[in-house]
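Please walk through this structure, beginning with the fold of one chain and then turning to the contact between the chains.

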Amino acid sequence: MTGTDRSRRHSMAGPVRDVWITLLVWSYFTAGFVALFLPFYLLALILESNREKAFQRLNCSFYQGFFYLVRRLIPTCRWRIDPAIARVRGSVVVCNHVSYLDPILLISLFARHRTVVKNRLFAIPLFGRMLALSGYLPATADGRFGGLMIERIASMPGFLKNGGNLFIFPEGTRSRNRRIGRFSTGAFKIARNCKAPITVLYVQNTDRLFAPGKFSFNTREPNTVCLDVVDRIAPDDPRYDLPLDDLMEDVRTRLVSFKRP
Amino acid sequence: MTREELEKAILAVFRERFEIENPGLDENLREEHEFDSIDAIELLREIELLLGSELSRDEKKKAMEIRTINQILDYVMALEKGTVR
């Protein structure tokens, strides 16, 4: 074998490894879900009086399993999760958004959580039903989602008061250039209507591990995924009562200027 | 409550609760003032206070399609007459 052949084979091995590990990880989503979690979801559906709570805990456990697998299979990626996140309770959590991994990372960190999901996902058979049973909110109240939105918003003060966290990506979509985009007002309005604290998180490098528009995980490049608490704005903080645009700008500025200690 | 009195009350709610000053009566609130479904639900609470009665789920769902102040006024007037379907 010539040096050129060896070099070509070596350069092929990396992408093949990416695809192989990606297939393993995604098979957890299908076969793993059916074999390990579906029976518990069915039991929760039949037996649990508080299905929303049970489904949220199961979702959390399922994604903890997912990230356990990711950590084991991709040792080049290190994880730095701010320990303060484990203590966040009863808060509206806002975070920047760079990868599909971000929402499931947050689900894996909060046993009691709600989040906002695109309306079209609620229309997917079984999966959409699971989202609804998990207490998640539709992104808009158009058409048949009006009733669901009304019910979710009405029950939100109690959910937050009992220690649940509502996490929202106020940019609405993933940033493709790592810049923090324009914020939607929803998260901030809900927080103020419920008089709940706002916890601001900053996620970094999930997009290097799983880039938008790519099929495979990047399993070879050394990387450190970080998730930090940037700020917490309690209802008695003077900023909490700023005009909504000013409050959002304050949060956005803190995210833009955040430097990891 | 007359339509004029109601208009005053609704505009006061928009000013105090939603930080929206003097919206045009036929302006699309969603497009012009980012008045979204969360605001709409909050507005329904204020309407319940104004009317002194709770709205039914169907009455609330009907309100999700409202886009202008005039439509809000029509909606509340219809509620008072008991003709919201």
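The paragraphs below describe chain A and then its interface with chain B.

The model is a predicted one, and its chain A contains nine helices and seven strands. The radius of gyration of chain A is 20 Å, close to the 18 Å that the globule rule gives for 261 residues, so chain A is as compact as a globular protein of that length. Taken along the principal axes, the C-alpha atoms of chain A fill a box of roughly 70 × 50 × 35 Å. Of the 261 residues in chain A, 50% are buried, and among the contacts in chain A with a separation of 6 or more, 72% are between residues 24 or more positions apart.

Turning to the interface, 22 residues of chain A are in contact with 17 residues of chain B, and the two chains bury about 1500 Å² between them, with 52% of that area on carbon and sulfur atoms. Ile150(A), Lys189(A) and Asn193(A) supply 35% of the area that chain A buries against chain B, which is more than any other three residues.

As for specific interactions, the rule finds six salt bridges across the interface of chain A and chain B, and Asp142(A) forms a salt bridge with Arg67(B), in which the closest N and O atoms are 3.9 Å apart. Nine residue pairs across this interface, both residues at pLDDT 80 or more, are found in polar contact. On the side of chain A that touches chain B, the elements giving two or more residues are α6 (146-161) and α7 (186-194) of chain A, and α6(A) gives the most, with eight residues. The residues of that side divide into ten nonpolar, seven polar and five charged.

Conventions. Residues numbered from 1 in each chain as written. Chains lettered and ligands numbered in written order. Predicted model: local features only at pLDDT ≥ 70, side-chain atom pairs only at ≥ 80, totals over all residues. Heavy atoms only, no water. Contact = heavy atoms within 4.5 Å. Buried area = accessible area lost by both parts, 1.4 Å probe. Salt bridge = Lys/Arg side-chain N within 4 Å of Asp/Glu carboxyl O. Polar contact = N/O pair within 3.5 Å; in protein donor to acceptor, adjacent residues only side chain to side chain. Helix = DSSP H or I, 4+ residues; strand = E, 2+ residues; numbered from the N terminus. Nonpolar A, V, L, I, M, F, W, Y, C, P; charged D, E, K, R; others polar. Rg over C-alpha atoms; globule rule 2.2 N^0.38 Å. Buried < 20%, exposed > 50% of the residue type's maximum accessible area, 1.4 Å probe, protein only.
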